[in-house]
Amino acid sequence: MVDASLDIKQLKMFCLAARLQSIKLAANRLSVTSSAVSQAIANLEKSLDSKLFSRNVRPLQLTVKGRTLLWEAEKLIKQEELLRAKLTEPSASLVTLRLGISEAVSSSIGPWLLDHLYKTVNNLTVYSHLSNELLKKLSRNQLDVALCSGFQPEGDNWYRKEVWREEFLIVSSRSLGKFDAKLLKTLAGQIPFICYNSDYQDQYRAERLLSAMNIDPVHRIAVSSSYELMGLISLRDGFAIVPPTNIWCGREFFKSVYVSRLPINLRTYRGMWAVGSALDRSEATELVYWEARSRMQHFMSEFLAGSCPGLEQYIQFE
C-alpha cells in the first residue's frame, strides 16, 4: 500500500513516466524539465528504499516494486482528484440552465454530462451546434453557458475556464501502413485529404498545419461531421488532422485507422472552454466546468484507453 505521506506530485510524475515509458515524454506532457521528473523519481526511490525502474533499459521498464507502486499510486491519484472535485465544485442547485455544447462534447461525454447536470438543475435546455454558432448565441444572451472550442475572450464580459486541452493528430487509413508526417508529404498528392467544411474552426487549424508542412493536397473531401470524416478515411484510404474527441466520434472505424503525432515543432492544441457571462452566470459556468471535467477525466479517458489505447494521453488537464 502506498504511504499516504508520499508527495502526490512526485507520484503523478512517476505514473506518467511509467505509462509513457519515457522521462522526456512525461516532462513534455507536464511542461517541466526532464531533470524535474528524474529528481521526483529519485526522491520516491529514496523514500521507499526501492528501485522503481530497471537501469540502462530503454524504453523505461518498471521493476516488480515499480509495478506495485504504479497500481497503487494511480488509485490514490484518482481518489485525490475526486476529493478535490467534490470540495471545490459548486453545490448549489440552479433553477434554469440554457447550455450549448459542440459536436465533440455531444458525441463524447454529452449523455453523461447532461445526466449529472440534471441532478442539480431544475430546468435544463441543451443546444448542440458548431462552436461558432454557440458563441454567437451566447453573445445574444440566448445561452447561459457554452461548452465549446475556439473561444477568444475579449474584455471582462466573460467568465471562462478551460476544461481540457487536446492535441491535433494525423489520422490515416491503416491500409497505408505506419504513417507519419514525412510519409504524409509524399502521399498528399495521391490520397485524399478528408476535412471539414469551412464552417468548422478545426478545419482552419488543420489548414494552417498543412501550410506549415508545405503540403497542398491534390484531392479533398469536405464533410460536416466527424463520423463521416472517420468513415471516409477508412473507406477512401485518406488522411485527416483532428483532435482525439473528434476521432472518438467515429469510433466504429478505430480498427481501420492509424493515429500518429505531428512533428514536435508543429504540435497544436485545441482548448475546450466553459464560457458564461461574468455578470450573473459564473455559478452556472463553474458547475458546467466541474461536471464536464470530471466526466472527461474519470470516464471518457478510460473509454479512450480501452477502445484505442494511447489516445487518452493526448488529452490534458491543467
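Trainee: Which residues line the second largest cavity?

Mentor: In this predicted model, the second largest cavity has a volume of about 30 Å³. Its lining draws at least two residues from each of β6 (193-196), α9 and β8 (239-242), and by class the lining has nine nonpolar, one polar and no charged residues. The residues that line the second largest cavity are F193, I194, C195, Y196, Q203, A206, L229, A240, I241 and V242.

Trainee: Which element gives the most to the lining of the second largest cavity?

Mentor: The elements that each supply at least two residues of this lining are β6, α9 and β8. With four residues, the one that gives the most to the lining of the second largest cavity is β6.

Trainee: Which residues are the closest to the centre of the largest cavity?

Mentor: The largest cavity has a volume of about 140 Å³, and the residues of its lining divide into four nonpolar, seven polar and four charged. Two or more residues of that lining come from each of α5 (103-106), α7 (131-139), α9 (201-212) and β10 (269-277). Of the 15 lining residues, the closest to the centre are S102, S131, S149, Y200 and D202.

Trainee: Are α2 and α3 roughly parallel or roughly perpendicular to each other?

Mentor: Helix α2 (residues 23-30) and helix α3 (residues 34-48) pack with their axes 8 Å apart, at an angle of about 110 degrees. Angles of 65 to 115 degrees count as roughly perpendicular, and α2 and α3 are therefore roughly perpendicular.

Trainee: Which residues of α2 and α3 make the contact?

Mentor: The crossing of α2 and α3 is right-handed. The residues of their contact divide into four nonpolar, two polar and one charged. The contact is made by I23, K24 and A27 of α2 and by S34, V37, S38 and I41 of α3.

How values were computed. Residues numbered from 1 in each chain as written. Predicted model: local features only at pLDDT ≥ 70, side-chain atom pairs only at ≥ 80, totals over all residues. Heavy atoms only, no water. Axes fitted to C-alpha atoms, helices over the stretch in contact; angles between N-to-C directions. Parallel < 35°, antiparallel > 145°, perpendicular 65-115°, else oblique. Left-handed = near helix turned anticlockwise from the far one by under 90°. Contact = heavy atoms within 4.5 Å. Nonpolar A, V, L, I, M, F, W, Y, C, P; charged D, E, K, R; others polar. 1 Å grid on protein atoms, 1.4 Å probe; cavity = no way out; pocket = protein on both sides within 12 Å on 5 of 7 lines; lining within 4 Å. Points joined across faces, edges and corners; volume = space filled by probe spheres on them.
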